[in-house]
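Dear colleague,

I am handing over the structure we spoke about, together with some notes on what turned up in it. Please look through the sequence and the model first, and then read on.

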Amino acid sequence: MNTFQPISGELHAESVPLSRIAREYATPCYVYSRAALTEAYRSFDTAFAGREHLVCYAVKANPNLAILNLFARLGAGFDLVSGGELQRVLAAGGDPRKVVFSGVGKSENEMRQALEAGILCFNVESEGELLRLNQVAGSMGKSAPVSLRVNPDVDPKTHPYISTGLKGNKFGVAYDDAPRIYRLASELPHISIQGIDCHIGSQITELSPFADALDKVLELVDRLERDGITLHHLDLGGGVGIRYQDETPPPAAEYVRTLLDKLAARPHKIIIEPGRALVGNAGLLLTKVEYLKHGESKNFAIVDAAMNDLARPALYDAFHDIQAVRPGAGVQQSYEVVGPVCESGDFLGHDRQLALEEGDLLAIMSAGAYGMSMSSNYNTRPRVAEVMVDGDKTYLVREREQVAALFAGERKLPD
Ligand code: LLP
């Protein structure tokens with residue numbers, strides 16, 4: 001789908017020119033496409049047709065209430081990593097019975113909130129967590145639904161910061177330890193075993209790591225069944241990559257087919273937890289060129305968005321395509337596209353060929369996932385506005401922060 005495409009020489013979001021969004025809401029701002037979000041969700045959901053499944057959107061990728069609400073209306077479940085995310089899902093109208101709760105450090109308070117809400121499953125990541133969850137559930141007179149997150153020791157061939165299924169990662173329980181911990185779980189009075197879970201990493205652009213991880217999970221499922229432990233569901237995590245530059249990630253249908261081919265003879269309900277693949281290419285960051293500076297060895301385009309708004313380039317050296325909203329007629333030059341934050345690492349793109357003038361608008365593409373959700377207030381920069389486009393309509397789905405709100409909770413010392 002061409003969600004963001006040029007029409008009459010200007011980049012549009014669906015049928016809205018981006019200059020109109022800049023005029024109405026100012027820059028910088030995130031711009032999302034409802035049609036792209038819907039299509040991305042449906043591409044996973046329909047690929048499972050005929051098979052009991054649940055697509056649990058990984059809230060961390062982009063937790064805006066409008067996005068959560070849209071996915072909830074499409075029938076999605078949610079994958080959480082905090083009590084805060086649970087509150088967002090509930091506020092957005094998500095169904096707690098479709099919620100799985102991942103994360104290595106769930107607090108007692110978060111366990112309580114989730115048990116109170118009646119979530120589908122806790123993805124438990126350690127023996128200590130299992131024991132604590134048993135206690136908390138017992139104190140509430142409840143039974144906690146549980147999967148163990150196992151670490152299949154598979155190399156997802158992605159950035160080391162975002163691979164999670166290797167032996168050296170902090171995530172999940174060791175593969176060889178899983179049978180013992182499942183046995184322990186089966187003996188705990190306030191734990192009810194529901195399934196098994198694994199998540200090997202993010203921005204994975206090949207199918208083989210998913211297939212290898214699933215093979216290992218299925219081996220474990222068989223072993224557990226021999227031990228008398230029956231599972232209702234398999235949660236295979238998220239991680240499907242998107243195209244930022246020239247990657248060729250598998251389309252949702254192919255990814256799902258790869259899973260289902262191995263699962264044909266199995267009775268289990270299948271859960272997946274995609275984040276990036278649902279929202280990444282459904283959003284961009286709209287920014288304005290403040291200054292052009294021609295340095296001794298480099299040209300700089302200083303824009304009004306910065307690393308605090310989109311951390312991925314600074315943090316992972318991640319590539320985001322940068323497009324001029326109205327490509328200039330002048331000669332293209334190589335630009336370092338940088339923000340106003342006082343760090344040399346504050347860049348959005350290196351060596352981009354652009355014909356620019358001050359005041360031009362630029363679109364930082366593929367910014368729907370881990371963009372706004374990883375933004376900060378560094379340099380006392382208010383978080384930017386978020387705008388949802390739906391056909392020819394635009395909706396402000398998050399107001400730009402006011403500076404006064406940033407320090408409203410702070411206190412001076414008494415005289
Ligand atoms: N499930 C679990 C347990 C996860 O830890 C994650 C992501 C997901 C699902 C969703 O993964 P996805 O489908 O989005 O790949 N900030 C990094 C990505 C960190 C991903 C963390 N876990 C980035 O900007 O690339």
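To begin with two tyrosines, Y30 and Y32 are both buried, where buried means under 20% relative accessible area, exposed over 50% and partly exposed in between, using a 1.4 Å probe and protein chains only. Please bear in mind that this is a predicted model, in which local features need pLDDT of at least 70 and side-chain atom pairs count only at pLDDT 80 or more, while totals for chains, interfaces and linings use all residues. Residues are numbered from 1 along each chain as its sequence is written, and side-chain values use heavy atoms, with hydrogens and water left out.

Aromatic rings

The search of the whole structure finds 6 aromatic pairs; rings of Phe, Tyr and Trp (its six-membered ring) pair if their centres lie within 6.5 Å, and planes under 30 degrees apart count as stacked, over 60 as edge-to-face and the rest as tilted. One of these pairs is formed by Y30 and Y32, which are stacked at 6.2 Å centre to centre with 15 degrees between the planes. Elsewhere, ring pairs join Y41, Y57 and F71 into a cluster.

Two lysines lie over ring faces, K106 at 5.6 Å from the ring centre of F101 and K216 at 4.5 Å from that of Y175; the criterion is NZ of Lys or CZ of Arg within 6 Å of the ring centre and within 35 degrees of the ring normal.

Annotated positions

Under "binding site", an unreviewed UniProt entry lists R276, R312, Y316, E343 and Y370, given in the numbering used here, with feature names shortened and annotations that may be inferred rather than shown by experiment. These positions span 95 residues in sequence and their farthest two C-alpha atoms are 27.1 Å apart, so they do not all gather at one spot.

R312 is in helix α11 (residues 312-316), helices being DSSP runs of H or I with at least four residues, strands runs of E with at least two, both numbered from the N terminus. At 5% relative accessibility R312 counts as buried, and, leaving aside neighbours within four places in sequence, its contacts (heavy atoms within 4.5 Å) include R276, D317 and Y370.

Y370 lies in the loop between β19 (361-364) and β20 (385-390) and also counts as buried, at 13% relative accessibility. Not counting residues up to four places away in sequence, Y370 touches K60, A61, S202, R276, L310 and R312.

With best wishes
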